[in-house]
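This note collects points on backbone geometry and surface charge for the attention of a colleague. Please read the points beside the model.

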Amino acid sequence: MTRSDASSSLPAAEGERPRQIARALLDIGAVHLQPDDPFTWSSGLLAPIYCDNRITLGYPAVRSLIAEAFTDVMNEHALLPATIAGTATAGIPHAAWLSDRVEAPMCYVRSSSKDHGRRNRIEGVIRDGQPVVVVEDLISTGASALSAAEALTAAGATVAGILAIFTYELDAATQRFEAAGIPLHTLTGFQALLTVATDTGRLDDDQRKTLTAWRRDPAAWSHAADTAASTDDPADTDASRGDASETGRS
């Protein structure tokens with residue numbers, strides 16, 4: 001199967017969405033799994049997985065699949081009418097495609113206010129009491145998506161929910177969203193990804209267990225992996241591992 005065929009790799013039947021989109025992300029290389037050669041995230045933590053959903057921009061069939069799925073979620077949860085707010089930068093294009101499909105206004109939220117001009121953090125029109133749905137590409141800890149929601153609330157909007165393509169399903173994110181009281185709707189996540197990766201031969205049972213252990217406690221897993229690497233090769237450095245710009249982005 002070619003990368004351009006990724007969106008049709010699984011049927012679009014009800015209940016198949018998480019696996020369908022997980023398969024598409026794996027097929028185009030938006031998600032990489034390296035349990036035996038972990039990535040170094042920009043936070044300094046080691047991780048056996050790296051997700052870069054910006055890759056979806058280069059695959060029209062996949063980004064259309066995502067926009068269609070987001071539209072379905074909006075309708076399933078009665079989130080319309082609403083302004084669609086993309087998070088800078090990776091959420092912006094998906095917010096644009098979604099807002100076009102549902103014929104809704106759009107804005108975007110910077111990670112911080114500009115240091116010139118009007119010093120805006122939010123670009124677009126937001127009115128008091130206006131319902132807004134935030135679009136993010138990835139949820140790790142949830143910090144950046146909820147920061148955008150806080151900025152929109154401070155501007156007078158009512159945040160009805162947050163949409164994201166993929167979530168690592170980390171406990172830290174679950175706790176943050178529960179505390180904020182904002183619904184999170186994701187198209188696919190870590191468990192669906194592991195199922196698809198195992199079923200398609202991308203992971204064996206031991207590798208799947210490694211990834212599961214990481215999700216359970218990323219910090220402890222990173223420490224153990226770093227200690228093992230240092231023991232095996234004292235000259236080992238971050239430069240010798242897969243370097244990934246995964247951050248406290250979302």
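1. At 38% relative accessibility, Asp37 counts as partly exposed, the class between buried (under 20% relative accessible area) and exposed (over 50%), with a 1.4 Å probe and protein chains only. Asp37 sits in the loop between strand E1 (31–33) and strand E2 (39–40); helices (H or I, at least four residues) and strands (E, at least two) are DSSP runs, numbered from the N terminus.

2. The model is predicted: local features need pLDDT of at least 70, side-chain atom pairs count only at pLDDT 80 or more, and totals for chains, interfaces and linings use all residues. Residues are numbered from 1 along each chain as its sequence is written, and side-chain values use heavy atoms, with hydrogens and water left out.

3. One joins Leu80 and Pro81, with omega about 0 degrees; Pro81 belongs to the loop between helix H2 (60–76) and strand E5 (83–87). Another runs from Ala88 to Thr89, with omega near -5 degrees, and Thr89 is in the loop between E5 and helix H3 (91–102).

4. Ala78 is not a glycine, yet has a positive phi of about 50 degrees. Ala78 lies in the loop between H2 and E5 and counts as exposed because its relative accessibility is 63%.

5. Glu169 likewise calls for a check: phi is near 60 degrees, a positive value in a residue other than glycine. The loop between strand E9 (158–167) and helix H5 (171–180) holds Glu169, which is partly exposed at a relative accessible area of 29%.
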